[in-house]
Amino acid sequence: VEPRVVAARASVITPRLTLIVIRDITERERVEQMRRDFVSNTSHELKTPVGAVTLLAEAIESAADDPEQVRHFVRRLSAEATRLGQLTSRIMNLSRLQSADEISEMRDVSVDEVVRAAIESLAVSAESAEISVARGGDRGLFVRGDRQILTEAVSNLLANAIAYSPPGAQVGVGVREADGAVEIAVADHGIGIPEEDQQRVFERFYRADQARSRRTGGTGLGLAIVKHAVQRHGGSVDLWSRPGRGSTFTIRLPLAAVDTSTTRKPKKKK
Ligand code: ADP
């Protein structure tokens, strides 16, 4: 192509091109700002447990003559290390979900299996918190997505339902089809969330009740992960809650068109 022709073409497409370039720069600036905020929030949140680990190590050293004290500090050190590990892996998961990378595993995923796996992963915590988990029957519904990410999203909701309920309480997980979408609802009769916090709980590191959340050892990242996970699947999550009565989180995902006649085989009678 001759230079003159190129110039002529360029002048024709310039206004749109400029707009696209500007939009691209704004988008890049926004992503960059998000990344900066994320790094700064994260470093801040890591400082507390790292500081605790350092202090506990010093405490162990100076209590060396007292085995009982040493045991006590070692137990606390181990708890802090576990928390730090959980925080780090959640930070990594969230950062992956927020990045532009495509979700690699887009498959037909059974929602019943996702719910079952989430409940199973929390069986031990539920038992030690004396919470019973009730599950509705199988619905045979499928969504398109990454099974592991979806399971983590449901697990996070369930972990919260357990953590913010009193001992002896029951939490429920139900699946249903509504308007071409699949709804997964996780309901509890726990402490509930004040209205003014209901939008903010999905922000990373936000905790509705600082003192209480600290006691339950939360990271403030669970719901941010849920939000990003479902958004990456073209879905949404919303919340109904009343302080003192409980909360229901509902994940909504596009229903996948799957030929269930090949995926749902009738059980053979022995
Ligand atoms: P955390 O690790 O602190 O639980 P999340 O992002 O999972 O972090 O939740 C953010 C905050 O939302 C929690 O600290 C808590 O205050 C509130 N929250 C989340 N789920 C529930 C629930 N089921 N019942 C009451 N409060 C909840």
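Analyst: Glu29 is found in helix H1 (residues 3–62); helices (H or I, at least four residues) and strands (E, at least two residues) are DSSP runs, numbered from the N terminus. The model is a predicted one, in which local features need pLDDT of at least 70 and side-chain atom pairs count only at pLDDT 80 or more, while totals for chains, interfaces and linings use all residues. Residues are numbered from 1 along each chain as its sequence is written, and side-chain values use heavy atoms, with hydrogens and water left out.

Because its relative accessible area is 44%, Glu29 counts as partly exposed; buried means under 20%, exposed means over 50%, and partly exposed lies in between, with a 1.4 Å probe and protein chains only. Its C-alpha atom is separated by 28 Å from that of Ile149, a residue 120 positions away along the chain.

The shell around the ligand consists of 21 residues, the closest being Asn160, Tyr164, Asp188, Ala208 and Thr219.

In the side chain of Tyr164, an N or O atom is 2.8 Å from a ligand oxygen. Backbone atoms take part as well: a polar one of Ala208 is 2.9 Å from an oxygen atom of the ligand, and a polar one of Gly220 is also 2.9 Å from a ligand oxygen. The ligand on its own has 530 Å² of accessible area, of which the protein covers 98%; accessible areas come from the Shrake-Rupley method with a 1.4 Å probe, and for residues only the protein chains shown count as cover.

Thr219, one of the closest residues to the ligand, lies in the loop between helix H6 (210–215) and H7. With a relative accessible area of 2%, Thr219 is buried. The side chain of Thr219 also makes a polar contact of 3.0 Å with the side chain of Arg90.

Phe205 is found in the loop between strand E5 (181–188) and H6. The phi angle of Phe205 is near 70 degrees, a positive value in a residue other than glycine, and the residue is buried at a relative accessible area of 11%. A positive phi, of about 55 degrees, is also found in Glu130, again not a glycine. Glu130 lies in the loop between helix H4 (123–128) and E2, and its relative accessible area of 54% makes it exposed.

The sheet that contains E7 is open and has five strands in the order E2-E4-E5-E7-E6, with mixed pairing. Two strands pair if DSSP finds at least two bridges between them. The edge strands, E2 (132–135) and E6 (236–242), each pair on one side only. Neighbouring strands are turned by 15 degrees against each other on average, direction ignored; the axes are lines fitted to C-alpha atoms, for helices over the stretch in contact, and angles run from 0 to 180 degrees between N-to-C directions.

E6 pairs with E7 (residues 246–254) in the antiparallel sense over seven bridges, and the bridge partner of Arg242 in E7 is Gly246. Ser247 belongs to strand E7 and is buried at 4% relative accessible area. Ser247 and Asp188 are 5.4 Å apart, C-alpha to C-alpha, although 59 residues separate them in sequence. Thr248 also has its place in E7, but it is partly exposed at 21% relative accessibility. The C-alpha atoms of Thr248 and His189, which are 59 residues apart along the chain, are separated by 8.8 Å.

Definitions and conventions
Near = heavy atom within 4 Å. Polar contact = N/O pair within 3.5 Å; in protein donor to acceptor, adjacent residues only side chain to side chain.
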